[in-house]
Amino acid sequence: MFKAIKEDVKAIFERDPAARNVAEILLTYAGFHAVVLHRIAHFLWNLGIPLVPRLVSHFARFITGIEIHPGAVIGRAFFIDHGMGVVIGETAEIGDDVTLYQGVTLGGTGQEPGKRHPTLGNHVIVGAGAKVLGAIVIGHHVRIGANSVVLQSVPDNATVVGIPGKVIQRRQKEGVLDHTNLPDPIAERLERLEREIMALKQEIKQKVSHGIDKGFSE
């Protein structure tokens, strides 16, 4: 457990340019506090201890605003940036080197028994406010844009945006989630439709003009 906590601290230094020293992280990072308390709660959960893991989880939610069910499985080097409003369900599974931003939900879609929350691969980044719902699989090196709603499994090395989430590009290598440069699939579709309409208008105009000229010549 202590090794995992050490890796969590290292991950914060690597991914948050605002992190200045270990003391600051240990004392002021709510995301770090939530993850440490979850690792304790999850350890107790695996021992089959009743009630106590849920109490630890509830306490973590009270002081951090982050709700992680003690049954959720979380890999190493996990980072919740800011974190307020993050919810991670009981059967969620999170791989290594994953980053979640504030307002992210890894939730279910109903009352189905068994596995009902998503599985995230390694090196996944989920943008602020995104919702990943159901027993779906998010592949390795996936980037999910802010406020996206993901309801279907996503292959490795993909970027997802929109409601519902759509794969808009696939990368050949790992990269950061740059929200300022994410494509807008709706805007692109509208632009394509506008170009098609303009082309049709031009074609109709040419045919009408040709018909008028033909009529005069006769």
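**Exercise 1. Classify D97: is this residue buried or exposed?**

Solution. D97 has a relative accessibility of 15%, so it counts as buried. The cut-offs are under 20% relative accessible area for buried, over 50% for exposed, and partly exposed in between (1.4 Å probe, protein chains only). Strands are DSSP runs of E with at least two residues, helices are runs of H or I with at least four, and both are numbered from the N terminus. Last, check the backbone: D97 is not a glycine, yet its phi is positive, about 60 degrees. Most residues other than glycine have a negative phi.

The model is predicted: local features need pLDDT of at least 70, side-chain atom pairs count only at pLDDT 80 or more, and totals for chains, interfaces and linings use all residues. Residues are numbered from 1 along each chain as its sequence is written, and side-chain values use heavy atoms, with hydrogens and water left out.

**Exercise 2. Find the loop that holds N157, and state its phi.**

Solution. Look between β13 (149-150) and β14: N157 is in that loop. Its phi is positive too, about 60 degrees, and N157 is not a glycine. With a relative accessible area of 24%, N157 is partly exposed.

**Exercise 3. Which peptide bond is cis?**

Solution. Go to the bond from I163 to P164: it is cis, with omega near -10 degrees. P164 lies in the loop between β14 and β15 (166-170). Most peptide bonds are trans.

**Exercise 4. Give the strand order of the open sheet.**

Solution. The four strands run in the order β2-β5-β8-β11, with parallel pairing. Strands pair if DSSP finds at least two bridges between them. The edges are β2 (73-74) and β11 (137-138), each pairing on one side only. In β11, I138 is the bridge partner of L120.

**Exercise 5. Describe the largest nonpolar core.**

Solution. This core has 29 residues. A nonpolar core is a set of buried Ala, Val, Leu, Ile, Met, Phe, Trp, Tyr and Cys residues joined through side-chain atoms within 4.5 Å. Those with the most contacts inside it are F78, I88, L100, V126, I138 and I144. Helix α3 (30-46) and strand β14 (158-161) each supply at least two residues. A second, separate core has nine residues, including A19, I25, Y29 and V36.
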